[in-house]
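Please open the model in a viewer and keep the sequence panel at hand.

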Amino acid sequence: MQPDSSHDSRADGGTWGPGGAGVLSLPSGRLIRGRALRRPLPADGGPLPTYAVHLLGGQPPRVPWEAYWLRWPDFRLPADRAEARAVLTEAWRRAADERVEIACGGGRGRTGTALACVAVLDGVAPEDAVAYVRRHYDRHAVETPWQRAYVRRFGARG
């Protein structure tokens, strides 16, 4: 809903390292990290995101990197589906050369759903995207039947 660009961290450059905590490797080679905002940043001393999409029903906390708040209540679907498509497309585009993070409170339902949609943008068949994210990100990702249906419908629109 609202970008937070109080800090431009794109100057750090680069993407995530493969195999990092929460990092999903897409078929194209793009790397994108999913995370639970309720948990601290990974303690491995790795780099911070350069861009994040926060999937929350209410205002997210401020972060020292560029972030976009997409209104998405827990266990539900995005409040504005057209906005969600545009924001997730931007996240996919930026993941080519930036450290992009997608995060919700628990890091599974909304985050998994968004990651599955990004996988569709990357060429994974919509009917396979949930299984792909569960295999490569978190086996409990995408928590509700309507989230699974949303991923399938996401692939049907162009």
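Select strand 3 together with strand 6 (residues 100-104): the two run parallel and are joined by 5 bridges. Strands here are DSSP runs of E with at least two residues, numbered from the N terminus, as helices are from H or I runs of at least four; two strands pair if DSSP finds at least two bridges between them. This is a predicted model, in which local features need pLDDT of at least 70, side-chain atom pairs count only at pLDDT 80 or more, and totals for chains, interfaces and linings use all residues. Residues are numbered from 1 along each chain as its sequence is written, and side-chain values use heavy atoms, with hydrogens and water left out.

Next, select Ile-32, which stands opposite Val-100 in strand 6. Ile-32 is also the bridge partner of Leu-24.

Now display the side chains of strand 3. Leu-31, Arg-33 and Arg-35 point one way, and Ile-32, Gly-34 and Ala-36 the other. Buried means under 20% relative accessible area, exposed over 50%, and partly exposed in between (1.4 Å probe, protein chains only). Because 6 of the 6 residues of strand 3 (residues 31-36) are buried, the strand is largely enclosed by the rest of the structure.

Finally, select Glu-101 in strand 6. Glu-101 is buried, with a relative accessible area of 0%. A polar contact of 2.5 Å joins its side chain to that of Arg-33; such a contact is a pair of N or O atoms within 3.5 Å, where within protein one must be able to donate a hydrogen and the other to accept it, and residues adjacent in sequence count only if both atoms are side-chain atoms.
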